[in-house]
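Biologist: I have the structure open and would like to go through a few spots in it. Can you take my questions as they come?

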Amino acid sequence: NTISYNTVGACPASTTVNPQTSSYVLLLTDACGYVRMNVTTTANTVTVPLNSSVAFPVGTNITVRQAGTGVTTIVATGGVTITTPSSLILRVQGSTVQLLKVATDTWDLMGDTQ
């Protein structure tokens, strides 16, 4: 299968940085973006919503970075599947992962996880 983002347009030449200081639910405006979780000391989450709530096109990619010391975990809303070779927890401060939507409610997670 080929995943094409061209049905809604290519990612822009520059990436939108979305800084967050607490747990966060992804929004359509995060497509092709960079969510920077700058949370100190407390564990936090980045939640991937159901397609029925936020209809990201298949092929959407979103980068997430744990900028603060608080451990960031990627969370799937009930009904969403996130496939990963290890865990959904970013490994350390400075770790970066990428989410890629591969089907209606299925995402692949790649990057620096525990």
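Modeller: One term before we start: contact here means heavy atoms within 4.5 Å. Also, this is a predicted model.

Biologist: Fine. Which residues does threonine 63 touch, leaving out those up to four places away in sequence?

Modeller: Threonine 63 touches Gly33, Tyr34 and Val35, and also Thr96, Val97 and Gln98.

Biologist: Where does threonine 63 lie, and is it buried or exposed?

Modeller: Threonine 63 lies in strand 5. Its relative accessible area is 18%, and the cut-off for buried is under 20%, so threonine 63 counts as buried.

Biologist: In which sense does strand 5 pair with strand 3, and in which with strand 8?

Modeller: With strand 3, residues 34-37, the pairing is parallel and runs over four bridges. With strand 8, residues 96-103, it is antiparallel, over five bridges.

Biologist: Changing topic. How many aromatic pairs does the structure hold?

Modeller: One. It is formed by phenylalanine 56 and tryptophan 107, with ring centres 5.4 Å apart and planes at 85 degrees. Planes over 60 degrees apart count as edge-to-face, so this pair is edge-to-face.

Biologist: Which parts does that pair tie together?

Modeller: Phenylalanine 56 is in the loop between strand 4 (44-48) and strand 5, while tryptophan 107 is in strand 9, residues 106-111, so the pair ties together parts that are 51 residues apart in sequence. Both phenylalanine 56 and tryptophan 107 are buried.

Biologist: Next, aspartate 105. Where is it found?

Modeller: In the loop between strand 8 and strand 9.

Biologist: And what is the nearest side chain of opposite charge to aspartate 105?

Modeller: Lysine 101, at 5.5 Å. A salt bridge needs the nitrogen within 4 Å of a carboxyl oxygen. Aspartate 105 is buried yet has no salt bridge.

Biologist: Which backbone nitrogen lies 2.7 Å from a polar atom of its side chain?

Modeller: That of asparagine 51.

Biologist: What else is aspartate 105 in contact with, apart from its sequence neighbours?

Modeller: Beyond four places in sequence, aspartate 105 contacts Leu50, Asn51, Gly79, Val80 and Thr81.

Note on methods. Residues are numbered from 1 along each chain as its sequence is written. This is a predicted model: local features need pLDDT of at least 70, side-chain atom pairs count only at pLDDT 80 or more; totals for chains, interfaces and linings use all residues. Side-chain values use heavy atoms; hydrogens and water are left out. Two strands pair if DSSP finds at least two bridges between them. Helices (H or I, at least four residues) and strands (E, at least two) are DSSP runs, numbered from the N terminus. Rings of Phe, Tyr and Trp (its six-membered ring) pair if their centres lie within 6.5 Å; planes under 30 degrees apart count as stacked, over 60 as edge-to-face and the rest as tilted. Buried means under 20% relative accessible area, exposed over 50%, partly exposed in between (1.4 Å probe, protein chains only). Lys and Arg count as positive and Asp and Glu as negative; His and the chain ends are not counted. A polar contact is a pair of N or O atoms within 3.5 Å; within protein, one must be able to donate a hydrogen and the other to accept it, and residues adjacent in sequence count only if both atoms are side-chain atoms.
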